[in-house]
Amino acid sequence: MKTAYADIPAYVTKDGSVIRELMHPAVHGNSNQSLAEAEVPEGTETFLHIHRHTEELYHVTAGTGRMTLGDEVFGVQAGDTILIRPGIAHRVACTGSGPLRILCCCSPAYAHEDTHLVADPLQTENR
């Protein structure tokens with residue numbers, strides 16, 4: 001199966017990022033994983049969240065940012081790949097000029113019902 005980027009509509013997910021599901025079981029018939037592109041606009045960040053069942057791999061394709069992963073906070077840039085294990089709170093902020101773009105591989109496939117926002121008073125104050 002082949003998909004075309006131009007044919008895939010973008011939407012905003014629970015964490016606040018702009019997502020294009022490049023390959024997802026609900027649309028394309030694959031069964032064990034999904035691949036999406038996430039875009040975090042300049043000067044914004046996603047909401048702190050967890051996935052209870054899904055393991056994610058983030059591969060940064062453009063831009064610079066700051067990743068919160070559990071108790072760690074570190075810079076990310078094009079070429080970096082990050083492992084996010086199930087149950088680990090995480091978020092990403094775009095710190096550069098232009099959007100931060102990330103390829104997100106999820107196994108099992110991404111599901112809205114597996115995305116749980118985490119209360120974060122510091123983030124609420126910064127928005």
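Predicted model: local features only at pLDDT ≥ 70, side-chain atom pairs only at ≥ 80, totals over all residues.
Six strands form an open sheet in the order E1-E2-E3-E10-E5-E8, with antiparallel pairing. Strand E1 (11-12) and strand E8 (81-84) stand at the edges; each has a single partner strand, so one side of each lacks a neighbour in the sheet. Strands are DSSP runs (E, at least two residues), numbered from the N terminus. Two strands pair if DSSP finds at least two bridges between them.

**View 1. From E1 to E2.** E1 pairs with strand E2 (residues 18-23) in the antiparallel sense, over two bridges. Val12 stands opposite Val18 of E2.

**View 2. E3 between E2 and E10.** Five bridges join E3 to E2, and the two run antiparallel. Ile19 has Ala38 of E3 as its bridge partner. E3 also pairs with strand E10 (residues 100-107), antiparallel, over seven bridges. Here Glu37 stands opposite Leu103 of E10. Buried means under 20% relative accessible area, exposed over 50%, partly exposed in between (1.4 Å probe, protein chains only).

**View 3. The largest nonpolar core.** This core has 16 residues. Those with the most contacts inside it are Tyr58, Met67, Ile82, Val92, Leu100 and Ile102. E3, strand E5 (55-62), strand E6 (64-69), E8, strand E9 (90-94) and E10 each supply at least two residues of the core. A nonpolar core is a set of buried Ala, Val, Leu, Ile, Met, Phe, Trp, Tyr and Cys residues joined through side-chain atoms within 4.5 Å.

**View 4. Around Val92.** Residues up to four places away in sequence are not counted here. Val92 touches Val40, Glu45, Thr46, Arg66, Met67, Val76, Leu100 and Ile102. Contact means heavy atoms within 4.5 Å.

**View 5. Cysteines without disulfides.** The structure holds zero disulfides (a disulfide is a pair of cysteine sulfur atoms within 2.5 Å). The closest cysteine sulfur to that of Cys94 is in Cys104, 14 Å away, too far for a bond. Cys104 is in no disulfide either; its nearest cysteine sulfur, that of Cys106, is 6.2 Å away. Cys94 is buried, with a relative accessible area of 6%. Cys104 also counts as buried, at 7% relative accessibility.

Definitions and conventions:
Residues numbered from 1 in each chain as written. Heavy atoms only, no water. Helix = DSSP H or I, 4+ residues; strand = E, 2+ residues; numbered from the N terminus.
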